[in-house]
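Biologist: Please take one chain of this model and look at it closely, with attention to its fold and its packing.

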Amino acid sequence: MSKNSTPIRTVSTPAEGEAGKTGDWRSQTPKIDHEKCSQKDSCLLCWLYCPDGVISATFPLEINLTYCKGCGICAEECPRKAIEMVDDK
Amino acid sequence: MGQIEIITANTAAAIAAKLCRVQVISAYPITPQTPVTEELAAMVESGDLKAEYITVESEHSALASVVAASQVGARVFTATSANGLLYMHEMLHWAAGSRVPIVMACVNRGVGAPWTILNDQQDTIAQRDTGWIQMYCRNSQEVIDTMIQAYRIAEQIQIPIMVCYDGFILSHASTPVDVPFQDEVDRFLPSLEDRSGIDGKTPMNVNPLILSDPRPDANGVLMPGYMEFRYRLQQDILGSLEAIQSVDSEFQDTFGRSWGGSVWGYHMDDAEHAIVSMGSLASECTVAVDQLRSEGIKAGVVGVRVYRPFPSSQIVELLSGVRTATFFEKDVSYGYQGALAMDAKAAMYESKSRPEISSYVVGLGGRDVRPEQLAEATLKCVKGPVQHCWLNVSG
């Protein structure tokens with residue numbers, strides 16, 4: 001029989017960063033204009049749509065760039081055009 | 001010695017599942033597998049079998065259900081045929097990758113289009129690269145015995161197994177079967193030890209995204225990459241030939257019957273000409289060999305019981321001493337040849353003494369093939385090799 005020490009099943013513990021630091025996949029970075037996204041009546045559509053759950057639900061909005069893949073959905077959905085995707089150098 | 005009953009292979013498979021005390025069954029009816037699902041449903045309804053029977057809308061969901069149940073530690077069973085098996089294709093890979101010890105009865109039927117409900121082995125052969133073990137049965141006795149063996153093997157090495165038997169020829173034909181007693185099966189197959197690690201309290205990801213290279217998990221432990229898991233599967237399925245052999249020997253000690261492990265021979269001791277086949281067709285080949293022997297031809301049968309993992313060294317050993325080897329199979333890899341002949345030829349490349357190899361495709365979609373036709377076709381190959389010929393076909 002096999003002497004392979006690899007476990008037979010793939011399991012992991014649910015935790016932040018369990019799928020790796022996905023921020024290094026990014027080629028564009030979201031920049032928030034905090035003037036346009038006011039704290040009083042903001043919609044949080046970006047938070048709702050973000051597929052990686054890296055946008056804070058508190059104001060001022062913060063994006064966790066360690067895991068943000070730069071997909072741009074937040075910028076696309078923002079009704080006030082308060083998020084701009086900027087090319088990474 | 002158990003109780004002799006006159007039953008079909010489908011009933012044998014259903015009784016075997018009950019004897020193995022399966023805990024979760026999920027299956028979608030399809031001809032010729034349907035009676036297996038009906039009989040098990042009746043057993044669960046009457047309370048004779050204490051199991052959860054999950055009715056589903058498709059074969060994909062049937063296999064998904066038993067994968068999930070198996071992942072949390074239940075002994076599970078499903079069954080299918082033909083297009084139903086093809087519909088499971090994605091979940092077949094998922095089951096093998098999840099390393100769950102599922103046993104599935106595959107009642108071999110030709111695949112559409114055009115529709116056929118009759119027998120050939122194209123359905124399971126088309127699933128050979130999914131990481132499952134495939135065992136092919138000659139008769140209903142072998143079906144009931146192989147089912148019981150399959151749970152032992154699958155649970156030992158944590159790889160799912162297809163127990164394949166020919167539609168209608170076996171699935172709907174009643175023959176005497178020695179049905180083992182429950183207490184003997186219980187001794188041979190202890191209740192399943194839960195190795196899932198799932199306790200319902202500690203959250204865990206099962207089959208999470210795995211990247212190409214090993215990398216630390218959230219706790220800093222270095223986790224293998226995708227290729228490491230797949231390499232482990234390949235090593236374990238190759239290594240399972242040993243387990244298949246030892247479980248068959250142990251089965252013989254308990255029940256008095258051996259099915260040859262991965263490969264069986266018939267009159268191979270002094271054979272000069274071998275016929276190689278699988279399933280009920282291989283059984284029919286023994287009748288052809290009896291006829292050839294009566295005509296003075298020293299023929300024998302090599303029956304391939306386990307097709308994946310491919311028992312190459314056993315096949316090479318049996319075929320190295322013969323002058324010719326003639327393959328009969330009920331499948332074809334379209335655009336090349338019969339799958340069994342292809343695999344065996346590749347195995348024989350390793351051997352210095354290679355027989356002349358001929359191959360036939362027979363019996364697709366239930367086309368009848370008789371022992372005397374197999375004998376006649378073999379005689380042709382004794383005189384000179386026949387390359388990939390379709391028997392009993394016009395056009």
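Modeller: Two residues are taken to be in contact if their C-beta atoms, placed from the backbone, lie within 7 Å. On that basis, in this predicted model, 69% of the contacts in chain A between residues at least 6 apart in sequence join residues at least 24 apart. The secondary structure behind this comprises two helices and three strands, and along the sequence of chain A these elements come in the pattern β-β-α-α-β. Chain A is more spread out than a compact globule, because its radius of gyration is 17 Å, well over the 12 Å that the globule rule gives for 89 residues. Taken along the principal axes, the box filled by the C-alpha atoms of chain A is roughly 65 × 30 × 15 Å, and 17% of the 89 residues of this chain count as buried.

As for packing, the largest nonpolar core has 122 residues, and those with the most contacts inside it are Ala13(B), Met147(B) and Val163(B). Helix α7 of chain B, residues 140–157, gives the largest share of this core, namely nine residues, while domain 1 (3–188) and domain 2 (263–390) of chain B each supply at least three. Once neighbours within four places in sequence are left aside, Ala13(B) is in contact with Val36(B), Ala79(B), Ala105(B), Val143(B) and Met147(B). Returning to chain A, Ile55(A), Leu61(A), Ile63(A) and Ile83(A) are among the members of a second, separate core of 11 residues.

Note on methods:
Residues numbered from 1 in each chain as written. Chains lettered and ligands numbered in written order. Predicted model: local features only at pLDDT ≥ 70, side-chain atom pairs only at ≥ 80, totals over all residues. Helix = DSSP H or I, 4+ residues; strand = E, 2+ residues; numbered from the N terminus. Rg over C-alpha atoms; globule rule 2.2 N^0.38 Å. Buried ≥ 20, exposed ≤ 12 C-beta atoms within 10 Å, placed from the backbone. Core = buried A, V, L, I, M, F, W, Y, C linked by C-beta atoms within 7 Å. Domains from an automatic or database assignment.
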